[in-house]
Amino acid sequence: MYYSGGNYEAFARPRKPKGVDEKSAYIVGAGLAGLAAAAFLVRDGQMDGRRITVFDAAKLAGGAMDGIKHSETGYRIRGDREQEDHMECLWDLMRSIPSIEVEGASVLDEFYWLNKEDPTYSLRRATRNRGEPIPMADKMTLSPQALRELATLAITRDEDLYDKRVSDVVGQEFLDSDFWLFFKTMFAMIPCHSALELKLYLNRFVHVISGMHDLSGITFTRYNQYESFIVPWVKWLEGHGVTFVYDTRVTDVLFDITAGRKVARRIEWLTAGKRGARDLTENDLVFMTIGSPVENSSRGDQHTPAKFDTEIREGSIWALWRNIAKQHPSFGRPDKFCTNIHDSTQMTATVTFGPGKVADYIQKISQRDPFVRNGHFFTGGNLTFRDSAWSISWNGERQPHFKAQRPDEVVSWIIGLFPDKPGNFVPKPMLECTGEEIAQEWLYHMGVPVAEIGKIAKSVSCNPCTLPFCVAFFLPRRAGDRPAVVPEHAVNFAFIGQFAETVRDCIYTTEYSVRTGMEAVHTLLDVQRGVPEVWGSKYDLRALISSAVVLRDGQALELPEPYRKLLDRTDIGDLVRQWGQLPGGDPTSISPEDRVLAERELGTLV
Ligand SMILES: Cc1cc2nc3c(=O)[nH]c(=O)nc-3n(C[C@H](O)[C@H](O)[C@H](O)COP(=O)(O)OP(=O)(O)OC[C@H]3O[C@@H](n4cnc5c(N)ncnc54)[C@H](O)[C@@H]3O)c2cc1C
């Protein structure tokens, strides 16, 4: 497996890998990672789909990418997904999956056309004091000290951030800034999470920084991600003969391990309480999703809180990883991620409402009428209540959000980053609340008069969902906690999903799961085509300079005179001026003394 950029490899088709006709594949998990592994086996590996089996604990595919209408309680999504242009492996795959909406188009074509015609942007990214827009809503409000901390973190070596929290590397001024408000509610990260992950995000998403205050540049599907991505994807795989075995929990994978060779030799599972197993040969490839943000998620309804189920039982994805990890240190340390429930729990809720008071308040706050937005979003990404104790953000993406939705229904989604804290209106933790109580807290922050909250909350349907392991991947970690996608000396197996280690990319993204699936297939089959490298905006001076200006709230870069003179009449000086709003610059040439001084200081800085 190797990485490539540019379009030479992107458009090339690899030759059929040697020996692929003798191989079969067993995939654990039909979430994005497992579906990606299956799809790359078929497309790039040219494996006959009939030789591929995908096991999943649930009754349908998609994992975290869900969206369902329950007959009694209504619509439910556990999560909603912001995408962006540079999810290189995801889009590489989606160009090959036929759309089920637009004849002759791919899922990528459909998504691309949609987001070109209807680009996302928010008219109100955050509010405070029950509905007031935050002041300076387009500013990052990073103090000089906070800027220094951010810049230092972005270039700190990974090993110096092992096992550190965000709060270990930034101070209160940083955490009080609007940059952090936008960041934490865009990426669901809080101060107890991994400083290393924050650094990776800062580097991976340099090109996204300029749109953080209004979410321009973020893209969304037409419907929920189950209907827009998973349904066509599974249909394509089934069309290639891939077998899906649902309601089946893989409990263990056993390995023969000798010096220089690791071979998966048996896979064991439970289907509806009945044990099953298969012995494997070296021609049987095993792709294992280890860990999941939606493991043990529980659903409540308007009148019932969701259970908070944290037990790791046999057949759990964590129990599977534990069984695997026992067999070799290079298979990772699952307990690093699945034992700190307090810091990994988040909670979401799906709210459905009709025309009337809720819609009126939403229009007031989001600046768009949800009912005239047919086919369009009304928040344009997350809208955050700055002073919410639960740290609520919510959104209203393109409506209808479900194909089955009636014209008089709108579906919105809420997330709380601190669900164990009492609310500002409802005096108990979000985790203990019914849907109606969560709706009350939501309406309170929207500015609905207190006397009306109770009545209006009854008019919506709110389905809560607890996610005890939602951000387990954000827990502080060090090298070796996550196994490599293909560990050293592995002959016929790979780890995929959010807990497998690949370089430079960021977890809590759809791209990460797809990337691990692609890297796994390309490595095990030795596919002769590059895996697209992680987008390199951190190596692009233009992106770095313009994002620095945004982080400084538009303040032009102020270079001390010797540097300015040194940069004059150079390509770098022109770049800084063009992208960084450096003021004019004096074209007089630098004196020899100043040049020596500037070069010495610049060298020290670098
Ligand atoms: C609330 C929320 C918001 C998100 N927001 C964004 C966003 O804005 N942008 C973005 O890019 N990404 C976002 N994500 C992340 C993204 O959706 C996930 O990272 C991705 O879908 C994970 O895919 P996966 O295949 O790795 O894991 P999962 O989707 O979790 O799949 C794991 C699968 O394994 C199955 N399973 C469990 N145990 C077993 C077993 N023993 N045997 C067999 N099968 C088993 C499960 O049923 C599941 O289907 C969000 C996720 C959540 C939860």
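1. Helix 2 is the main contributor to the shell around the ligand in this predicted model, giving 3 residues. Helix 2 spans 32-43, and strand 9 (248-258), helix 11 (317-325) and helix 17 (510-524) also supply at least two residues each.

2. The ligand is surrounded by 35 residues. Gly 29, Gly 31, Gly 63, Gly 79 and Ser 292 are the closest of these. By residue class, the shell holds 16 nonpolar, 14 polar and 5 charged residues.

3. Strand 9, listed above for its part in the shell, also belongs to an open sheet of 3 strands in the order 9-10-11, where the pairing is antiparallel. Strand 9 and strand 11 (274-279) are the edge strands, each pairing on one side only. From one strand to the next, the twist averages 20°.

4. Strand 10 covers residues 261-271 and is joined to strand 11 by 6 bridges, the two running antiparallel. For one of the residues concerned, Glu 268, the bridge partner in strand 11 is Ala 277.

5. On the chain as a whole, the secondary structure amounts to 21 helices and 20 strands. The globule rule gives 25 Å for 606 residues and the radius of gyration of the chain is 25 Å, so the chain is as compact as a globular protein of that length. The C-alpha trace spans about 75 × 65 × 45 Å along its principal axes.

6. Of the 606 residues in the chain, 49% are buried. Where contacts join residues at least 6 apart in sequence, 74% of them are between residues at least 24 apart.

Conventions
Residues numbered from 1 in each chain as written. Predicted model: local features only at pLDDT ≥ 70, side-chain atom pairs only at ≥ 80, totals over all residues. Near = placed C-beta within 6 Å. Helix = DSSP H or I, 4+ residues; strand = E, 2+ residues; numbered from the N terminus. Nonpolar A, V, L, I, M, F, W, Y, C, P; charged D, E, K, R; others polar. Pairing = 2+ DSSP bridges. Axes fitted to C-alpha atoms, helices over the stretch in contact; angles between N-to-C directions. Rg over C-alpha atoms; globule rule 2.2 N^0.38 Å. Buried ≥ 20, exposed ≤ 12 C-beta atoms within 10 Å, placed from the backbone. Contact = placed C-beta atoms within 7 Å.
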